[in-house]
Amino acid sequence: MKKILFVLFAAIMGFTGAAAQDADFETIEVTGDGQTEVELKMGINYFMLTAPQDGTLAFSMGWSSTMVYLTDENGTEDTKVLLAKTVDPDKGNIYTIDVNEGQLYYFSTSIVVDPVTMTVGYGVIDNSIKLSSNYEDGQVFNLNGSNLELVFDRQVAIERTLVAYGDGKDEDIPTSCINAIYAAGQYYYTIMLRDLVEYLMDGGKIAVGGKFTVRIEGISDANNPEEIYGDDGSYEVTLEVGDMPATLLSIDPADGSNIYTYYPEDGDDGFITFTFSDPLNEDKAGVLATLSWGDQEAGSFEQHYPDFTIEGNTVTVDIRGIMIPEETEGSRGTSGATTVTLSISGLTTADGRSVDPNYPDAGRNAILAFYHVTKQEISFIYDFYPQSGNASLEGYDEIMIWLNNPVMYDGVTITWYDARGTQHSRTYTPEEVAFEWDDYEDGYVAYVSLRNIRVNNQPVTVTVDNARLMNGDPVTITGTFNTDATGIDNATVGADPSAKVKVYSLDGRFVREAAAADAVDGLAKGVYIVGGKKLVVK
C-alpha cells in the first residue's frame, strides 16, 4: 500500500514538472512488419524509439485506461501531447502517430495503476474498408423478407450496382430500388429486395425457386479512391426466390370506411372480415389482433386486443363491446375525429408460407386497416309495466322496464314513501337488475322487485341511473307509479293536449307528428310509440 501511494505521489509531482528531469526512457525497437510488446510498470512510463520506416505507428493498450503522449527528450510536462485515439471493437484503445523513417521519438504514459502490456508496431490498426451484410449466400427471400442492408464503416463511392439472373444475364438495378445514406460515421446502402424481385418477376426474368445475384462494383473510400473494398472493390450475394406469400383480397367493411363508436356485445354487427388468397393456418398461437387510436404524447392513446377467428381463408375480428370515442385529443392541445388502426400480425398460410402485408411501406409484417369513426343515430324508446302513472301498484310484485335498444348504466334505484311519509330508496347493481333481450317482448327487459317494499299507495319512482346509449349519448329512463293519473293516454300524451308529439311504429318507423290529443286518431289497431311511450290503439 505504501509503495502504491509513493508511486502516485511521484506521478503527481511529475505532472507539476518537479520530476521531469529524472525521466528514465526505455529504448524500444520496432521492425517495419513486426510488433513489440512492452510491459508497463506502475507509475508513469517513458520510452523512446527510432522509426524504421514512414507510416502510422500504433500503441495498443487493450481496454486499459492508460493514455500515451508524445513528449521531449526530458519528458517535460508542458511538452506532452496526447496521441490520437481510436477504439477497436476487438483490440480496445489504440493510440496512433504518423512517423518518419530514421527520426527519434520520445513518449510517456499517464499514471499506470495496474501493470499492463502495450503492443507497439505498424499495422496494428486495420484501415481497410469494412462491410457488414444482413444476408449470406444461399438464403431464401420472399416478398415478406427484409431489404438487403449493407453497412460500411465510412462513406464510400460505388461505381455500379447490378443484378445477375438466369444464364449469365445481368443489368443495372433500377435506382428506385436503391437507397443510400451516410450517418453517424457509417454508410448505409440498401437494396429494396421486394421492389427488385417484383420488377424481375413482372418482367419474366425470374420465378419462384430461381436465383439472383446482387453485385456491387467499384467500392472505394469516398475520400481516398485508392483505398478499395476487399481485393477488387466488389461485393456480391446470391439469393433464392422463395414461395410467394398469400395476399389480402378484401376487407369488409373496407379499409378507409366508417365504423361506429360502439357495437353491442350481443349484437349482429361489429365484425371486420379479412379475406385472403389462400387458406390460412387456423392455429391462433402467435397471431395478434390489435385495435388502437389516439395520441401517446397527448395521453389519449388506447389499445385493445379484440377476439378473432380464423376459418379457411378468412380472419374475422370481433370489435363488439369496445367503446371508441368520436373525437380524440392530439398533440399541442388539438382534437379531431378519431382514426382507428386495426392490425393483425403473425398470420401464415396452411402450408407454412407467409402472408404479404398490405402496407409494406409501414415497416411491419402485419395486415393493417384504418377506419374513421362515426356516432350511430339511435332511436330510443322505453316503457314500464305496469304503465307509469297507474293509480295503484296493488297486486304487483315487480315492475318491468322495457327498452328497444341496450344501454349502459350504473344501477337502478327505486324510491318510495312509507305510511308516515318518510322517503326510502334502494339501489340495485346492473348485475342485480340486468337488461336482457326478450323475444316475446321484442326488446331488452329488466325487472325491479317490489318485495319487502310497502308502497301504501304513495308515489313510487324507478330510475335507471346514469343511463347512456351505446353511442355515448345520455338518456333519461324514469317512471313514477301510484300517482293520481287515471290512464295510459294521459301518461303518454302529456298534460298539454295541443303539444306536438311524434308517433312511431313499434319497430321504430316514423308514422306521423300531431297534437297530443289527436295523435292516434285514425290509426290501425296496434302498439305505437307516442311521445316516447308505448300506447295501445284498440
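Among the contacts in this predicted chain between residues at least 6 apart in sequence, 66% join residues that are at least 24 apart. The model is a predicted one, and its secondary structure consists of three helices and 47 strands. With a radius of gyration of 42 Å, well over the 24 Å that the globule rule gives for 538 residues, the chain is more spread out than a compact globule. The C-alpha trace, taken along its principal axes, spans about 125 × 75 × 40 Å.

**Surface and charge**

Of the 538 residues in the chain, 40% are buried. As for charge, the chain carries 83 negative side chains and 33 positive ones, and a distance of 9 Å separates the centres of the two sets.

**Backbone features**

Most peptide bonds are trans, and most residues other than glycine have a negative phi.

| Site | Feature | Value |
|---|---|---|
| Asp252 to Pro253 | cis peptide bond | omega about 0 degrees |
| Tyr385 to Pro386 | cis peptide bond | omega near 0 degrees |
| Ala184 | positive phi | phi near 50 degrees |
| Asp442 | positive phi | phi near 55 degrees |

The cis bond between Asp252 and Pro253 brings the backbone into a loop, for Pro253 is placed between strand E23 (248-252) and strand E24 (258-260). Pro386, which is joined to Tyr385 by a cis peptide bond, also has its place in a loop, here the one that runs between strand E34 (382-385) and strand E35 (398-403).

Ala184, a residue other than glycine with a positive phi, is found in the loop that links strand E17 (178-183) with strand E18 (186-191). The relative accessible area of Ala184 is 81%, and since over 50% counts as exposed, this residue is exposed. Asp442, whose phi is likewise positive, lies in the loop between strand E39 (436-438) and strand E40 (443-449). The relative accessibility of Asp442 is 40%, a value that falls between the 20% and 50% cut-offs, so Asp442 counts as partly exposed.

Methods
Residues numbered from 1 in each chain as written. Predicted model: local features only at pLDDT ≥ 70, side-chain atom pairs only at ≥ 80, totals over all residues. Heavy atoms only, no water. Helix = DSSP H or I, 4+ residues; strand = E, 2+ residues; numbered from the N terminus. Rg over C-alpha atoms; globule rule 2.2 N^0.38 Å. Buried < 20%, exposed > 50% of the residue type's maximum accessible area, 1.4 Å probe, protein only. Contact = heavy atoms within 4.5 Å. Lys, Arg positive; Asp, Glu negative; His and termini not counted. Charge placed at Lys NZ, Arg CZ, Asp CG, Glu CD.
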